[in-house]
Amino acid sequence: MAWCGDDHPELDQTFREQCIDAFNEAAGFLAKVMRKQEFQSLFCKLAYQCRSHLHLYSACLTNIGMKIVLSCTCTPHICPRALYQAREMLTQAIDIQSKRMDVKDTTRAQCMSKFGFCYVREGRVDEGYEYLEIALKLRRDRVEKLNSIKDHVMLAACFNDVAASQMVQRKHMMAIQTRLSHVLPVYEENLGDHPFTATTLSWIGNSYHALGDYDNAIKYSSRSISIRRQLLGQHQETAKSLYDVGVAYSAKQDYETALHYLKKAVDYQEKVLDTQDELIHTHQAMSIVLCALGRNKEAEEEVNRAGECASKLDSWEAPLDKLRTQERDSE
């Protein structure tokens, strides 16, 4: 990250571009392990450095849009703020990619897939699935041509976006079947215990929770906790799984167990989160559990903590606005 600025004139631009390309190739994994603000800051700097090389620039925009979609605490029903930010990045990326022949198929597929999901979230369902089908075709063509493990994994990731779109439509059983048929087996076979596997288990648990099947929600989310603790330790993804298990136990009215998991989630979130969104949800969930246990004073304290977190929320400013500011400052 140190050479992203303009204060390293000794670095050859060709070398910079090769490094940017490597960052873009690793973006899917980096999006899982890096904090939202850290990831966006890095890729905004990368985009600024390659702004005159549009195939690389569009890849950076695509990856920023991807991270915005993945990081929203309302996912898969991403909030209007995240939807606005993601759409702005992905729209510009698609516009660039539609006019160029030197953009990688993998970049096009990622952009089409996330853009399709955003359209479904907006209610433009038919158009959204058209973009998702384009992405799936690009991924399938690469699997047929190269048959590499990475391409099989990325095809599965594209199906994950299809499942997320089905969740947005409240088609949770369909989303579960999509992930159990096209995503989880591919990840388990090719990646084993991996952040991608843990995320898929987490989403299956979320769908079961939405269907009122809290036992299966706990089963899949607990498997996700095990992998995330092993690989990531105290991380925002681990905290999310702890939260998911906590609210599932709360729904089963096992409030003591729910409180145990939610307290662990808060402990992790206070140490690792760079935004306050998830802490708000956890404090609110703890308030509900404490009320159910008759501990009303503590419940009120959790409501107050949620309010304090809300006062520290991120601004509406989109990453693209930051890019424009960088460009103006350099003129």
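Reader: How many aromatic pairs does a search of the whole structure find?

Author: The search finds 7 aromatic pairs; the model is a predicted one.

Reader: Why is the pair of Phe39 and Phe43 called stacked?

Author: The ring centres of Phe39 and Phe43 are 4.4 Å apart and the planes are at 25 degrees. Centres within 6.5 Å make a pair, and planes under 30 degrees apart count as stacked, so this pair is stacked. Both residues lie in helix 3 (residues 36-49), 4 residues apart, about one turn of the helix.

Reader: What makes Phe39 and Phe43 count as buried?

Author: Buried means under 20% relative accessible area. Phe39 has 0% and is therefore buried, and Phe43, at 0%, counts as buried too.

Reader: How do you know that the pair of Tyr249 and Tyr261 is stacked?

Author: The centres of the two rings are 5.8 Å apart and the planes are at 15 degrees, so Tyr249 and Tyr261 are stacked. Tyr249 lies in helix 13 and Tyr261 in helix 14 (residues 255-272), so the pair ties together parts that are 12 residues apart in sequence.

Reader: Why does Tyr249 count as buried?

Author: Its relative accessibility is 18%, and the cut-off for buried is under 20%.

Reader: Why is helix 11 called roughly parallel to helix 13?

Author: Helix 11 (residues 195-210) and helix 13 (residues 236-251) pack at an angle of about 20 degrees, with axes 11 Å apart. Angles under 35 degrees count as roughly parallel, so helix 11 is roughly parallel to helix 13. Their crossing is left-handed. Residues making the contact include Asn206 of helix 11 and Asp244 of helix 13.

Note on methods. Residues are numbered from 1 along each chain as its sequence is written. This is a predicted model: local features need pLDDT of at least 70, side-chain atom pairs count only at pLDDT 80 or more; totals for chains, interfaces and linings use all residues. Side-chain values use heavy atoms; hydrogens and water are left out. Axes are lines fitted to C-alpha atoms, for helices over the stretch in contact, and angles run from 0 to 180 degrees between N-to-C directions. Helices (H or I, at least four residues) and strands (E, at least two) are DSSP runs, numbered from the N terminus. Angles under 35 degrees count as roughly parallel, over 145 as roughly antiparallel, 65 to 115 as roughly perpendicular and the rest as oblique. A crossing is left-handed if the near helix is turned anticlockwise from the far one by less than a right angle, and right-handed if clockwise. Contact means heavy atoms within 4.5 Å. Rings of Phe, Tyr and Trp (its six-membered ring) pair if their centres lie within 6.5 Å; planes under 30 degrees apart count as stacked, over 60 as edge-to-face and the rest as tilted. Buried means under 20% relative accessible area, exposed over 50%, partly exposed in between (1.4 Å probe, protein chains only).
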